[in-house]
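Please look at the sequence and the model before reading on.

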Number of protein chains: 2
Amino acid sequence: MPRVTLQTIADRVGVSRMTVSNAFSRPDQLSRALRERILTAAQELGYAGPDPTARALARGTTGAVGVLLTDSLRHAFTDQVAGVFLAAIAEELAPTGLAITLLTSWGTGDVVPARDVAIDGALVYSCDPTSPAVSWLRRRNLPLVYVDQDPVEDAPSVNIADRSGARAAAQHLLDLGHRRIAIATSGANPPHGIIADPATLVEAHASDQRRLGWFDALEPAGVKPAFVRHPLDQIDSVRRDSRAILSRPDRPTAFLCFSDTTAVGVRQAADELGLRVPEDLSIVGFDDGPVAAQMRPALTTVRQDVVAKGRAAAAALTAEIRRFREGGPGGPVPHLLLATELVVRESSGPAPRTPV
Amino acid sequence: MPRVTLQTIADRVGVSRMTVSNAFSRPDQLSRALRERILTAAQELGYAGPDPTARALARGTTGAVGVLLTDSLRHAFTDQVAGVFLAAIAEELAPTGLAITLLTSWGTGDVVPARDVAIDGALVYSCDPTSPAVSWLRRRNLPLVYVDQDPVEDAPSVNIADRSGARAAAQHLLDLGHRRIAIATSGANPPHGIIADPATLVEAHASDQRRLGWFDALEPAGVKPAFVRHPLDQIDSVRRDSRAILSRPDRPTAFLCFSDTTAVGVRQAADELGLRVPEDLSIVGFDDGPVAAQMRPALTTVRQDVVAKGRAAAAALTAEIRRFREGGPGGPVPHLLLATELVVRESSGPAPRTPV
DNA sequence: CGCCGATACTGTACCGGTACAGAGAGGGCT
DNA sequence: AGCCCTCTCTGTACCGGTACAGTATCGGCG
């Protein structure tokens, strides 16, 4: 049996297809009575409403926005911080009725979601800017908003003050008298492990900025940190390598970590070696996610407002979509930088007087 | 300037629109040389590929599947178990190139994502089957798969053995000699708090099944459990009310919990009252998520394989999409029931001899 | 009475692709 | 030479809607 379309209903009721369309999409265009008849007929025929695809083509709008996640998808869902970010976006978007379509970086096969899925705009969240998915999105000439990425001239962006936050964290440790400081950071691509010369690394935006921030403070103080680097979701590798570093004779008295989760890995290493936090080892995290306050001792960390970031990103995207609709590339686009703030808790303390 | 379409390129190269279409979508239909010329011209004109919306209309397929989440969106992203589930779906779907569109239950305004967003099929995950979003989806006559929901005759479903898992948990406590047992469960809608007659509640599928399972074991033993009920994300309320129950003179010696997270709330209550786990209070969770093993003492819980559930759901959905494409409603549809398993760790022990 | 504007509905021309059935050219085989 | 097949490319008819500019009807008013 053929599909039920506007025409089916139109024939049934004896009106034009256009009138049926209006019954669904522009109720003010026809009399209440006729509209009722049409809706009833539609109901009887099992018509669920105008086909979204056809409507999207005709109207030029799909009702969905993409979120591009290059990072491990699993991580995006599993990580508390990423989860809160996505949830905030969803909440901010809910009133607009926009659905969220998750764009994975590389649709295996020859389907590339970033190129082939219909969307009204997209959020590029913490992606490798050189990845194919990102360039496909750019080529589509869609409203885009970059989040946690190097700002691009012509697209709005939302970032947090990674660098100054990291600097504050490092300065905090210096102020406490630490001079042997290690760093545990993240990096999706190799090299991983204990890195000799971190300055040569090609980093994602956040890793890069935080590294710069740490060094802003450490370099003037003449501190040359040991450097551990692993993908975000491999806490276990962090644990292993930071344990190695903490076993050295000149072991560091403090660790700067890329995230709270990373800090958990370092913490585990300390536990294994019987090092007390913060007496023997100070640890500073980043994000101030749920784990930070739950840790014992509670984690000193750099707070970012992930919910605000999510809401700002969603708002920027809807604004950008509006801007496109209303005439396109006007003047300069907004670049937001959200504040970060050092939260001193219990995992950081004065450098031990007598190095072990 | 007008948009670049297939026609623009066709005119430029001097071929028919159809040939340009083939250059992108069916490379075997034209000579390699011509294809190169077309692709080059497209590149020059800044054409990113066939418009997904138009393609979707013409092909009758969108390249995206929906996931309907009635439950608090925030919870879906924040909860570890839900996160792992979504990630598993994403991983299973990746090779197919299908993107995931998150359908929120109620697009405020008059946009209803479940009705208005173009998708090829959808997963209905732990939703209230009477919600408008679900009935919109059903009316659209799309491939649907129900997950963690009462199976429906004509749609495939994936469930876990909630009932037998819960029964095993309850039996475990009975075997340890517990007779004063309390339950901390979940419920999105009121009533919340300490419930007198749990049998009258209208529950979501999982809550319902687990309650039945617990009672399967408890009733024959003549145990009438105290009953606490709160939304999943309100651990704090769980903590408060279970604390109240644990303060009673005839306080329970064991708690059966809807999830591991719920168990955390109960655990906090126990801590606050100075009750030792498991000496004074046994606690059994559900899910065996990441927290279970991390808890100290490690949590006795009912294990479900969330990754397997996600993969099975995704596979069932792609199969259902295929079935629709190849001729529609054939015979009976599959209903999967994944096993659960009691994992005994350290949070459950013999009932205390001398009740306090 | 005749003109005007509002209200209710309709006709046509798209939106930007794809499917499918040709049509023409060239090559191999008998 | 004649036939058929393959390889390329094209023409037409949709996919299922919406926008916009009509057209008809009718009541109100000068």
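## Overall form of chain A

The model is predicted. In chain A, the secondary structure amounts to 14 helices and 13 strands. Along the principal axes, the C-alpha atoms of chain A fill a box of roughly 95 × 40 × 35 Å. The radius of gyration of chain A is 26 Å, whereas a compact globule of 356 residues would have one near 21 Å.

## Domains of chain A

The domain assignment divides chain A into domain 1 (6-50), domain 2 (64-160 + 306-338) and domain 3 (162-304). The centres of domain 2 and domain 3 of chain A, taken over C-alpha atoms, are separated by 29 Å. Contact between these domains of chain A involves 15 residues of domain 2 and 12 residues of domain 3. On the side of domain 2 that touches domain 3 in chain A, the elements giving two or more residues are α5 (73-78), α6 (80-93) and α14 (306-325) of chain A. The residues on that side of domain 2 of chain A comprise four nonpolar, five polar and six charged.

Strands of a sheet pair through backbone hydrogen bonds, in either a parallel or an antiparallel sense. In chain A, five strands form an open sheet with mixed pairing, in the order β7-β8-β6-β9-β10. Why is one side of β7 and of β10 in chain A left without a neighbour in the sheet? Strands β7 (193-194) and β10 (282-284) of chain A stand at the edges, and each has a single partner strand, so one side of each lacks a neighbour in the sheet.

Strand β9 (residues 254-257) of chain A pairs with β10(A) in the parallel sense, over three bridges. A:Phe255 stands opposite A:Ile283 in β10(A). Helix α10 (residues 205-218) of chain A packs on this sheet and touches β6 (181-186) and β9 of chain A. The direction of helix α10 of chain A makes about 170° with that of β6(A).

Chain B also has an open sheet of five strands with mixed pairing, in the order β7-β8-β6-β9-β10. Its edge strands are β7 (193-194) and β10 (282-284) of chain B, each of which pairs on one side only. Strand β9 (residues 254-257) of chain B runs parallel to β10(B) and is joined to it by three bridges. B:Ala254 stands opposite B:Ser282 in β10(B). On the sheet of chain B packs helix α10 (residues 205-218), which touches β6 (181-186) and β9 of chain B.

## Contact between the chains

How many residues of chain B are in contact with chain A? The contact joins 42 residues of chain B to 42 residues of chain A. Among the elements of chain B that each supply at least two residues to this side are α4, β2 (99-104) and α8 (132-139). The largest share of the side of chain B that touches chain A comes from α6(B), with seven residues. By class, that side of chain B has 23 nonpolar, 13 polar and six charged residues.

Strand pairing also crosses from chain to chain: β2 (residues 99-104) of chain A and β2(B) pair in the antiparallel sense over three bridges. Within this pairing, the bridge partner of A:Ile100 is B:Leu102 in β2(B).

## Surfaces near DNA

DNA strand D is surrounded by 26 residues, and the closest are A:Ser21, A:Ala54, A:Ala58, B:Thr19 and B:Leu30. The elements giving two or more residues to the surface near DNA strand D are α2 (17-25) and α4 (52-59) of chain A, together with α2 (17-25) and α4 (52-59) of chain B.

Around DNA strand C there are 26 residues, of which A:Leu30, B:Ser21, B:Asp51, B:Ala54 and B:Ala58 come nearest. Here α2 and α4 of chain A, together with α2 and α4 of chain B, are the elements that give two or more residues to the surface near DNA strand C.

## Backbone details

Most residues other than glycine have a negative phi, and most peptide bonds are trans. The peptide bond from B:Pro190 to B:Pro191 is cis, with omega near 0°. B:Pro191 is placed in the loop between β6 and β7 of chain B. Another cis peptide bond joins B:Arg296 and B:Pro297, with omega about -5°. B:Pro297 lies in the loop between α13 (290-294) and β11 (301-304) of chain B.

In chain A, A:Asp148 is not a glycine, yet it has a positive phi of about 55°. A:Asp148 is found in the loop between β4 (144-147) and β5 (157-160) of chain A.

Note on methods. Residues are numbered from 1 along each chain as its sequence is written. Chains are lettered from A and ligands numbered from 1 in the order in which they are written. This is a predicted model: local features need pLDDT of at least 70, side-chain atom pairs count only at pLDDT 80 or more; totals for chains, interfaces and linings use all residues. Two strands pair if DSSP finds at least two bridges between them. Helices (H or I, at least four residues) and strands (E, at least two) are DSSP runs, numbered from the N terminus. Two residues are in contact if their C-beta atoms, placed from the backbone, lie within 7 Å. Axes are lines fitted to C-alpha atoms, for helices over the stretch in contact, and angles run from 0 to 180 degrees between N-to-C directions. A residue is near a molecule or strand if its C-beta atom, placed from the backbone, lies within 6 Å of it. Domain bounds come from an automatic or database domain assignment. Ala, Val, Leu, Ile, Met, Phe, Trp, Tyr, Cys and Pro count as nonpolar, Asp, Glu, Lys and Arg as charged, and the others, Gly among them, as polar. The radius of gyration is taken over C-alpha atoms; the globule rule is 2.2 Å times the number of residues to the power 0.38.
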